[in-house]
Amino acid sequence: MSTIADATQPATPLSPPRGETHPPRYLMHKYWSRKAHNLVRDALVWGCPPGGRVLDLFCGSGVATVEAALSGRHGVGIDLNPLAIHIARHTLEPVDPALLRAAFDRVSRACRDDVLSLYAFPCACGSTATLSHVIWDEFYTQYYHPSQVKYNCPRCGKRGPLHLEPGRRDEARGLGRVIPRLKVSLHASAHQSVATVDELFTERAQLALEEIYQSISELPDRVMRDWMRFVFTAALPQASRLVFVIDHRGRSRSAPVKRKAELGSWTIPNYWIPKRHFEVNAWQCFEQRFRKVLRGKADLPAERISGSGRFVCGDAAEACRALPEQSFDMLFADPPYGGAVPYLGLSLMWAVWTEEAESLNFAREITMPMSNGKTGLARFRAQLVEAFAAARRVLKPGAAVVVTFNQKRADVWQALESALEEAGYRAEGRHHVPGARQSAKSLLVPEGSMQGDVWMRYRVE
Ligand SMILES: C[S@@+](CC[C@H](N)C(=O)[O-])C[C@H]1O[C@@H](n2cnc3c(N)ncnc32)[C@H](O)[C@@H]1O
Ligand SMILES: [Zn+2]
């Protein structure tokens with residue numbers, strides 16, 4: 001049995017030194033385990049002639065299909081997750097920045113003041129300030145109190161941080177409205193202690209987000225509505241209670257130690273609410289995301305697209321059956337890493353807003369519940385065989401195949417490798433590429449994932 005330990009091949013045509021950090025086009029919207037674009041690009045150059053066709057089997061946020069389109073190739077990306085397709089499509093699709101700005105301004109005029117009024121905070125100078133951040137601390141189990149705020153005062157210019165007394169009134173509660181669309185149960189694959197989606201947000205954030213979402217829904221132009229929804233879903237993680245606090249101890253020895261808090265983000269692939277977390281002003285999240293989207297679109301103007309790309313939302317095996325036989329020069333595949341990242345479960349936070357929660361096809365998700373030993377592994381392998389066999393039919397004889405994977409467990413590796421063999425692929429070589437930076441996940445769940453990825457080359461006989 002081979003394991004990652006023998007992934008020590010010398011440099012090959014597709015082994016540049018390491019993955020680069022993401023350019024702005026891949027920084028618009030969070031997705032889990034997005035591949036480094038430079039490594040993907042090298043794989044495409046190695047495996048697909050210019051003008052050729054690439055099948056991107058588990059396309060996720062679409063990096064391989066987008067890079068194919070940017071390098072004069074024609075990509076088709078398939079993913080079961082509607083969130084992945086939503087991100088991939090908006091990454092590749094050109095848009096006029098002037099129209100984006102106009103749509104954003106329209107949303108802003110419709111709801112900004114109302115949303116900001118939810119964050120009113122009495123400044124010591126007597127004026128009403130606007131909260132930009134609140135830090136919530138778990139006081140006792142499941143009861144949180146605001147311990148620190150940052151705000152903007154229009155009169156005296158103060159911004160905080162201001163430390164609040166423990167037990168202070170819970171300002172984000174008691175607003176008295178429930179947002180029905182958020183009362184959806186979280187899937188068991190992705191939660192630890194949170195039961196429904198609404199718990200991922202403070203009550204104030206729920207109201208604020210609903211106001212923004214309603215204003216977007218009222219935009220007259222369908223295309224702009226779709227783009228603003230993209231900005232909206234991109235803003236959700238940072239507006240949630242999943243944002244942890246990076247604490248630095250204060251330096252002063254004499255004064256009581258006040259911790260300097262920095263904004264973290266949602267990095268762990270699970271719905272886990274940190275005992276000390278941020279609530280960031282939801283309008284601010286939306287506005288910041290809008291700027292990121294503008295930068296992302298400026299990074300990928302229509303003139304740069306010399307090939308093409310399209311995306312299909314569906315099960316890999318089923319979608320392949322609808323494609324013409326022997327029509328692709330290359331297969332690129334970044335399959336799910338066992339059960340390390342529960343993609344569909346993690347997408348529920350977004351899908352409840354875009355009304356796609358019902359359509360998440362959990363029954364077809366290729367995954368392996370961590371608890372579910374041998375049966376889970378056998379099922380995972382069988383699903384991979386089915387997907388890769390269906391993909392093989394649409395590949396030309398002699399087509400190049402690049403599969404990238406990240407997993408420490410040897411039995412999961414074995415499942416993938418034997419699945420590829422059974423589906424008719426011949427191994428040609430592999431190498432390990434270190435990641436661009438250490439992921440928070442790899443520090444917290446050391447047995448789940450490894451540093452960087454292994455890139456494997458196969459060939460269709
Ligand atoms: C490792 S991720 C791919 C990430 C991608 N390379 C990127 O750069 O964003 C694996 C993907 O497989 C998808 N997936 C899981 N089961 C699937 C199935 N049956 N058919 C198609 N895609 C599936 C997941 O939704 C997830 O997006
Ligand atoms: Zn003031």
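**Confidence.** I began with the mean pLDDT of the chain, which is 88, with 87% of the residues at 70 or more. Where pLDDT is low, the predicted coordinates should not be read in detail.

**H4 against H7.** I looked up helix H4 (residues 97-117) and helix H7 (residues 282-299) next. Their axes come within 11 Å and cross at roughly 175°. Angles over 145 degrees count as roughly antiparallel, so H4 and H7 are roughly antiparallel to each other. From H4, I listed Pro97, Leu100, Phe104, Arg112, Val115 and Leu116 in the contact. From H7, I listed Ala282, Trp283, Phe290, Leu294, Lys297 and Ala298. By class, I noted 10 nonpolar, no polar and two charged residues.

**H4 against H6.** I then turned to helix H6 (residues 222-239), which packs on H4 at about 75°, with the axes 10 Å apart. That angle makes H4 roughly perpendicular to H6. In H4, Leu99, Leu100, Ala103, Phe104 and Val107 do the meeting. Their partners in H6 are Met224, Trp227 and Met228. I found eight nonpolar residues in this contact, no polar and no charged.

**Ligand 1.** Last, I asked which residues come nearest to ligand 1. Of the 21 around ligand 1, they are Phe58, Gly60, Asn81, Ala316 and Asp334. The shell divides into 10 nonpolar, four polar and seven charged residues.

Conventions
Residues are numbered from 1 along each chain as its sequence is written. Chains are lettered from A and ligands numbered from 1 in the order in which they are written. This is a predicted model: local features need pLDDT of at least 70, side-chain atom pairs count only at pLDDT 80 or more; totals for chains, interfaces and linings use all residues. Axes are lines fitted to C-alpha atoms, for helices over the stretch in contact, and angles run from 0 to 180 degrees between N-to-C directions. Helices (H or I, at least four residues) and strands (E, at least two) are DSSP runs, numbered from the N terminus. Angles under 35 degrees count as roughly parallel, over 145 as roughly antiparallel, 65 to 115 as roughly perpendicular and the rest as oblique. Two residues are in contact if their C-beta atoms, placed from the backbone, lie within 7 Å. Ala, Val, Leu, Ile, Met, Phe, Trp, Tyr, Cys and Pro count as nonpolar, Asp, Glu, Lys and Arg as charged, and the others, Gly among them, as polar. A residue is near a molecule or strand if its C-beta atom, placed from the backbone, lies within 6 Å of it. pLDDT is the predictor's confidence in each residue, from 0 to 100.
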